[in-house]
Amino acid sequence: MATYKVKVATGTDLLSGTTDSISLTIVGTQGESDKQRLNHFGRDFATGAVDEYTVQCQQDLGELIIIRLHKERHSFLPKNPWYCNYVQICAPNGRVYHFPAYQWMDGYETLALREATAKTTADDSLPILLEHRQEEIRAKQDFYHWRVFVPGLPNYIHIPSYRPPVRRHRNPNRPEWNGYIPGFPILINIKATKFLNSNLRFSFVKTASFFFRLGPMSLAFKVRGLVDCKRSWKRLKDIKKIFPGNKSVISEYVAEHWAEDSFFGYQYLNGINPGLIRRCTRLPDKFPVTDCMVAPFLGEGTCLQAELEKGNIYLADYRILEGIPTVELNGRKQHHCAPLCLLHLNPEGNMMPIAIQLSQTPGPDCPIFLPSDSEWDWLLAKTWVRYAEFYSHEGISHLLESHLIGEAFCLALLRHLPMCHPLYKLLIPHTRYTVQINSIGRALLLNEGGLSARGMSLGLEGFAEVMVRALSELTYDSLYMPNDFVERGVQDLPGYYYRDDCLAVWDALERYVTEIITYYYPNDAAVEGDPELQSWVQEIFKECLLGRESSGFPTCLRTVPELIRYVTIVMYTCSARHAAVNTGQLEYTSWMPNFPSSMRNPPMQAKGLTTLETFMDTLPDVKTTCIVLLVLWTLSREPDDKRPLGHFPDIHFVEEAPRRSMEAFRQRLAQISHDIRQRNKCLPVPYYYLDPVLIENSISI
């Protein structure tokens, strides 16, 4: 007889435990045990429990390679889901085998788990192991399917039982919407999450906190009458009353300094959309700024051409927004533009706006606005640029380049890499909850009756068109951050804390990835000869980039350095890239004039006509403001059930080398966090969005 001591760990999230019957089969190189029920007197498999059992076998099973967990009905009790963290088995010779699960078993089923040592296909020689990995991939591909979201955007996970919501009118005088949160007219279709596989859904704690957080706030807006008010804001200071109890140092600074040119320029470096500006060495023909226009703002003893040659002139070009039609909001036609903004890095190190054109086509009806124009002309011109920033940020930097691309990375990973694959173990922490939050996002943002239809000048189709255009221009090199800064000419721009922190985090990620990759892939042939890796890369190219060769995304990887770069891009996109554009959303947007989602008057065609009254009448009305800000408030709150970058509580790697690499990664991140906090003590506006403590492993909010 051979005795095996078994530990079974149940998840710690509420409702992880089960009352169903759990049995175990152990498979080794020398044989297979009988199916044995794991049962003690009293409760087994309670939430957070680590239950211990003894399994007797007729013979020593040799090296343990696979176990099977059988979940079956227990007596008369109803079916009860179970979240298994792992199974650990101590063999008669004292060796401990770890079998990671970290997944739900919803029904009566059998789950086969491999021993935790990471292996590529080339590392497996036993037919049973090769068959297991092939069967796992086949089962996941049968379960997870791609679906077209919007033609021209990355495809996403197909949820067979989910149908887009529809508007229903039970009473023609009182329209009702399926799925409203009480008291707030933004539809959240909770069905979008109900039919997700349990392993993709939020934990109970995160689900409850997400919806209970939004409900009371929306009801408060309703009680105060804000979401039913279609009039203009009477006074700018009234906008502060939207979130009277949710203030921070930065949100207060934004409200006080939003109209200042220096803060306007600062946001291009360290705001929530810091990846747009580029150094300008030659003015484009469509932006006919002359030296006499801007000379007063450049300082003495210089001129526009000299500043261009010195590298002190920068351009923000919103051409991607050109020509998109607008919609009506609350019975009023909305307006749109695609501005250009010229900025100057002055001797004091401040980035200052010096010229703004509100169209891509110059002409008599499209004046170039300057800081010397009237106060309200110049302020409204800057506000139009901030309006364009809303779409550049929310549509491109935030939703497309982190959420949608991150989900495509995640789904391709699930479909092509088995749990024993080293890349699966490396990347799975960076996919946690991404599909769930994106499902909510589609219900909030890109559904009939959602945010884009009710709070944005461009509406549903226009907002999607912005992202479609952006994806058609997205390149592989632009996601490789060290290259992006050089390509935009901002690699030595002073005061660019976003760049400094980004490169520090990137370096830590790249070093960590390099250590893991080189441990499992000793040479280029190992990379090129990994069919699961190649299938993963090919599917990302096909389903995320839609097969567009001009993107520069690889369709295969042939060398170790290529693999390191690719995996670092994936990991950064799914963690730090999202943190940089998400964490500060409410701080920079709660003061609505700094980030308007709609404009109710057309762009100015002549100077000297703007007044306080016309400025207020151009801004979004009260209802539109509240709809947008409530959603941004919800999606930018500190995430619950959070796992900061580098914290990997799920034990996927068991080998000593990757475990050492994980600890070294955490230490590097801790040093980066310390350096950022020391620097911020001396800054009037601290920049902390890439502090590793605040970066989550995955896109989960």
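How many bridges join strand S17 (residues 313-317) to strand S20 (residues 340-345)? Five bridges join these two strands, which run antiparallel.

## Basis of the report

The model is predicted, so local features require pLDDT of at least 70 and side-chain atom pairs count only at pLDDT 80 or more, whereas totals for chains, interfaces and linings use all residues. Residues are numbered from 1 along each chain as its sequence is written, and side-chain values rest on heavy atoms, with hydrogens and water left out.

## The sheet that contains S17 and S20

Strands and helices are DSSP runs numbered from the N terminus (strands: E, at least two residues; helices: H or I, at least four). Two strands are said to pair if DSSP finds at least two bridges between them. Strands S17 and S20 belong to an open sheet of five strands, in the order S16-S17-S20-S21-S22, with antiparallel pairing. Strand S16 (278-279) and strand S22 (368-369) stand at the edges with a single partner strand each, so one side of each has no neighbour in the sheet.

## A sheet of four strands

Another open sheet has four strands in the order S5-S1-S7-S8, and its pairing is antiparallel. Its edges are strand S5 (50-57) and strand S8 (96-105); each has a single partner strand, so one side of each is left without a neighbour in the sheet. Neighbouring strands of this sheet are turned by 20 degrees against each other on average, direction ignored. For such angles, axes are lines fitted to C-alpha atoms (for helices over the stretch in contact), and angles run from 0 to 180 degrees between N-to-C directions.

Strand S1 (residues 2-10) pairs with strand S7 (residues 82-90) in the antiparallel sense over six bridges, and Lys-7 has Gln-88 as its bridge partner in S7. Eight bridges join S1 to S5, and these strands also run antiparallel; here Lys-5 stands opposite Thr-54 in S5. The covered face of S5 consists of Asp-51, Tyr-53, Val-55 and Cys-57, while Val-50, Glu-52, Thr-54 and Gln-56 make up the uncovered one.

Is strand S2 (residues 21-28) mostly covered or uncovered? Strand S2 is mostly covered, as eight of its eight residues are buried. Buried means under 20% relative accessible area, exposed means over 50%, and partly exposed lies in between (1.4 Å probe, protein chains only). Ser-21, Ser-23, Thr-25 and Val-27 lie on one side of S2, with Ile-22, Leu-24, Ile-26 and Gly-28 on the other.

Strand S2 pairs with strand S6 (residues 64-72) in the antiparallel sense over eight bridges, and the bridge partner of Val-27 in S6 is Ile-66. Two bridges join S2 to strand S4 (residues 36-37) in an antiparallel arrangement, with Leu-24 opposite Gln-36 in S4. Two bridges also join S2 to strand S3 (residues 31-32), again antiparallel, and Val-27 stands opposite Glu-32 in S3. S2 and S3 form a hairpin with two residues between them.

## Aromatic rings

Rings of Phe, Tyr and Trp (its six-membered ring) pair if their centres lie within 6.5 Å; planes under 30 degrees apart count as stacked, over 60 as edge-to-face and the rest as tilted. By this rule the count comes to 32 aromatic pairs. One of them joins Trp-376 and Phe-615 and is tilted, at 5.4 Å centre to centre and 50 degrees between the planes. This pair links distant parts of the chain, with Trp-376 in helix H8 (residues 375-416) and Phe-615 in helix H21 (residues 612-618), 239 residues apart. Phe-615 counts as buried because its relative accessibility is 0%.

The rings of Tyr-512 and Phe-648 have centres 6.2 Å apart and planes at 15 degrees, so this pair is stacked. Tyr-512 counts as buried because its relative accessibility is 1%, and Phe-648 counts as buried at 12%.

A cavity is a set of points on a 1 Å grid over the protein atoms alone where a 1.4 Å probe fits but cannot get out, and lining residues have an atom within 4 Å of a point. Grid points are joined across faces, edges and corners, and a volume is the space filled by probe spheres set on the points. By this rule there are eight cavities of 30 Å³ or more.

The largest cavity has a volume of about 180 Å³. Its lining comprises 20 residues, of which His-398, Leu-399, His-403, Leu-445 and Leu-635 lie nearest its centre. The largest share of this lining, six residues, comes from H8.

Terms used:
On a 1 Å grid over the protein atoms alone, a cavity is a set of points where a 1.4 Å probe fits but cannot get out, and a pocket is an open set with protein on both sides within 12 Å along at least five of seven lines; lining residues have an atom within 4 Å of a point.
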